[in-house]
Amino acid sequence: MNELIKLGALVKRNIKCYFKDKFLFFVSLITPMILLVLFVTFLRSVYMDSFNGIFKSCGFELSEPRVLEGLAGSWLLSSILAVSSVTVAVCSNAVMVSDKMENTINDFLITPVKGTTLSVSYFIANYIATLIVVLSVFVVGLVYLAIVGWCLTFIDIMKIFADILCSVLFGTLLSGIIESFISSQGGLSAISTLVSSMYGFICGAYMPLSQFASGMRTFICCLPGTYSVGIMRNHFMTSYVDKLTELGLPQVGREGLLDGFDANLHFGGDFNGLNFSGGVQIPVWAMYVILLGACLVLFAAYIAIVIIKNKKRK
Amino acid sequence: MVIEIEKLCKSFKDVKAVDDLSFSVREGELFAFLGVNGAGKSTTINIISGILKRDGGIVKVCGEDIDEHPEKIKGKVGVVFQNSVLDKRLSALDNLKSRAAMYGIYGSEFNERLSELDRLLDLKEILVRPLIKLSGGQKRRIDIARALINSPQLLILDEPTTGLDPKTRQTVWAVIEKYRKERGLTVLLTTHYMEESAVADYVLIIDGGKKAAEGTPHDLKNKYAIDFIRFYDKLDEAERLFGSMAYKLNRERDFLEVEIKGTDEIAKLICKNPQIFSDFEVLKGNMDKVFLKITGKNIMEV
């Protein structure tokens, strides 16, 4: 009981440290902001043209342009949420690194709190802080979709909420493991920059996987972060594509949208512009299994690191 | 004994930071731990406070072995670190709350403890302000409040006044002395200021991780420091007299310093040569000289 109260106090302290550091908070929002700027200036028109290209190739004429605006917006939002789940977690976990750098950790090591409680507090605080930021972005995104074109159902929102919970868990564990080996400002900056710039590409958040060469696509499909994007794309886009189907979009066009924009993920195979030939389509439940399985492996690794570090403390 | 250390050893790779160090600290004592940077003071303190593990030796704090009951010991120890390790962006109150919770102090117990510390350190006005916006002296008051939050039996002060202005140093010491007198607190101090070590009950000097000397400041000064007579009048006569007796002299523009081995000798010299002792003062050897004599190093320069 006493240890739980200590854990609660540490979690509260870690979260406060993150949100009170305005620079850190700003840096952690850079990736979603870059994506937003890219979308407004460039990506929106590119994807609208791609959607229209699919419609044209299957002879479909859209009568409600708001659905198309909403579909592009939902694609963007799924990218932002999936990437932010990792990049925000990396920045938020900087509290742990700065505690090591500034020797603040010593102020806790001299207290009767257990080393494992301290490590777990960083993990929980990072999860909660990242969740708060990602959910805030989600709410802003939903308001945007409500303005440009709304097709989501309550079930979709609940599914996306579950996706966010899983993705943030993945991001928190990943950042916890990476940053447990960092104890300098230089190392932290390097990791933040690397993750912010690279993660979006290697999980297929910036560009649909169908646009990648087959080998690269297979490689990206081997990375668990891809499935965080995959489940979000599926849950964001399916209702929009259903609406388009209601408006007369042929099955081939429906498949083209879902396959071409990663709402359906394929392992292997070739994309011909409208659908995949060969390869295996990965069902949504399998994406969850892969993502949560990766979380389980990362969790085991995190616990092992915590135990070894506590034993090895000089 | 509040601290009992026997044959303590700690190495970092090939460097022996602490080498076969033994000492003990009595209850209620102000114990000064002196050494140049890298002498092994902080390493020893970090071992006592549970931050570092040792390679060998026995460490007992408040009668308990640090290996057997680390949590119990940590509850009885408070530390003021050389540099503040509190959260700069959080308010002083948030800092104290989060640290108090680590000792199981929260709710009404915390409020009671806080008012007690407020009476001692006058914290009210600075509690809600972020640490980053406090002056050096105000931050130090919060550091001390944090170290005393668990009502420790042993307070470890690692160079607590380094970098502070003289007035703030005085305030810090007034608070610590007041608390010591009220609670019978044992204090283990490391400092670069020799005047602070001079008021300690007991002094341990370490050099290269090893014990170099120990004793009360009075004993150490008598054993290692040289006293001086400083003449401000009749300088030429005094210089001739003491020069002829092969005393070590130091002539400056307006005074002459004569090195004397002890106060007994001064009394004899005054009786024998009263004519030259018209304007003079006797300067007792200070802790700086003790430290220099023992280690061959000037503590402020290393």
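This is a predicted model: local features need pLDDT of at least 70, side-chain atom pairs count only at pLDDT 80 or more; totals for chains, interfaces and linings use all residues.
**View 1. Chain A as a whole.** Welcome to the overall fold: chain A holds 13 helices and four strands. Its radius of gyration is 21 Å, close to the 20 Å that the globule rule gives for 314 residues, so chain A is as compact as a globular protein of that length. Along the principal axes, its C-alpha atoms fill a box of roughly 70 × 40 × 35 Å.

**View 2. Burial and contacts inside chain A.** Here we look within the chain, where 47% of the 314 residues count as buried. Among contacts in chain A with a separation of 6 or more, 81% join residues 24 or more positions apart.

**View 3. Where chain A and chain B touch.** Chain B brings 24 residues to this contact, and chain A brings 22. On the side of chain B, the elements that give two or more residues are helix 2 (70-74), strand 6 (77-80) and helix 3 (92-101). Helix 3 of chain B gives the most, with four residues.

**View 4. A closer look at A:Leu109.** This residue sits in helix 6 of chain A, which spans residues 104-109. A:Leu109 counts as partly exposed because it has 19 C-beta neighbours inside 10 Å, while a buried residue needs 20 or more. Setting aside neighbours within four places in sequence, A:Leu109 is in contact with B:Gly50 and B:Ile51.

Terms used: Residues are numbered from 1 along each chain as its sequence is written. Chains are lettered from A and ligands numbered from 1 in the order in which they are written. The radius of gyration is taken over C-alpha atoms; the globule rule is 2.2 Å times the number of residues to the power 0.38. A residue is buried if 20 or more other C-beta atoms lie within 10 Å of its own, exposed if 12 or fewer, and partly exposed in between; C-beta atoms are placed from the backbone. Two residues are in contact if their C-beta atoms, placed from the backbone, lie within 7 Å.
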